[in-house]
Amino acid sequence: MSRSVALIGAALISAAATPALSETPPEIVERAIELLGESISFRTVEGDDDIRLYAERLADFLRKNGFAEADVEVDATGPAPTLVAIYQGESDDAPIILSGHMDVVEAKPEDWEQDPFKMTRTDEFVIGRGAVDNKFDVTMMATTLARLKAEGFKPARDLILALSGDEETQMKSTAILAKRFKNASLVLNGDGGGGTLKEDGSPLAYSLQTAEKTYADFAITFTNPGGHSSRPTRENAIYSLARAVDRIGAFEFPVSTSETTLEFFRRTGAMTEGPLGEAMLKFAETPQNKKAIKALRSNPEYVGQTGTTCVATMLSGGHALNALPQRASVFVNCRIFPGVDPEDVRKTLVSIVD
Ligand SMILES: [Zn+2]
């Protein structure tokens, strides 16, 4: 029986924020929702020409809303289409980049109750693939830039909207944009942080992301000489994999904290009612508090901010119904806390499955 654990992923560091604006007029909210609906209708999954068409649509929107023809560029010649739109500022100072991505994760209609690429709107929600990640933020940024143009706002330096086309998969266009704009004074990533509303719809908090966890995929594979299923052996690649997956599922990485996460829990805890708010405050004060850790880690919204996480996401194994499996694999996706070495996470996974 042999086993290999390979590191496939890479890291991305980003920051996010939002410009301060007065209350948004209802017609602008409506226009944003309309553009969001249109955005969702583009099936911008990996390799689909809709990514280019969506970029063209956004370019058209920006040009119709005050951007000069030459200041909006759609590049479909690279690994994935990108959109760059320059909001000319009053100086040549290093620009501020507004970052986002146009692509979405694949969505299979059979897994959905409605067409994933058609926006469904209820009183409270809009539903569709990318309704949050990242077409919401892209729509917000495009609509806000259009609004600023209409109001005659002139930034002190260039504001550059830079949208990638393969953030969910290869990140090659993201890397190209990062290289191109590496001299920026600030990068605001619409894909990080975000606003939270109270029950009555009024604003509760707006969170900013100061760093991104390292993304890493690990492939864990068990192999076996195999044989005919009429002559089963004790050693079996699928059984070994199942035990390994079970151990990964039960494993918890140690708690990690940073200045940002502790401050986040301190502030959010003060605004959050009930046991969850108490757990946040307790954690901010004593990050080793077992009860607080348990409460936060059982909440998908907050588990990621308490340390490194790894989760099994895809399985494959066996090659015939009547043969002993010669190979069984699982992909484990890890989100590694800033400051933790991905190699240490790999070693931890090896020790868990060994
Ligand atoms: Zn995203």
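Here are a few notes on this predicted model.

1. Confidence first. The protein chain has an average pLDDT of 91, and 94% of the residues score at least 70.

2. On the domains, the chain splits into domain 1 (2-9 + 213-253 + 308-353), domain 2 (26-191) and domain 3 (259-306). Going by C-alpha atoms, the centres of domain 2 and domain 3 are 32 Å apart.

3. Have a look at helix α7 (residues 274-285) and helix α8 (residues 290-297). Their axes come within 8 Å and cross at roughly 125°, so α7 counts as oblique to α8. The crossing is left-handed.

4. Now for the side of α7 that meets α8. Leu276, Ala279, Met280, Lys282 and Phe283 come from α7, while α8 brings Lys291, Ala292, Ile293, Ala295 and Leu296.

5. Two backbone spots to check in the loops. Asp133 and Asn134 are joined by a cis peptide bond, with omega about 5°; Asn134 sits in the loop between β6 (126-127) and α3 (135-150). Then there is Met171, a residue other than glycine with a positive phi, near 60°. Met171 lies in the loop between β7 (159-164) and α4 (172-180).

How values were computed:
Residues numbered from 1 in each chain as written. Predicted model: local features only at pLDDT ≥ 70, side-chain atom pairs only at ≥ 80, totals over all residues. Heavy atoms only, no water. pLDDT = per-residue confidence, 0-100. Axes fitted to C-alpha atoms, helices over the stretch in contact; angles between N-to-C directions. Helix = DSSP H or I, 4+ residues; strand = E, 2+ residues; numbered from the N terminus. Parallel < 35°, antiparallel > 145°, perpendicular 65-115°, else oblique. Left-handed = near helix turned anticlockwise from the far one by under 90°. Contact = heavy atoms within 4.5 Å. Domains from an automatic or database assignment.
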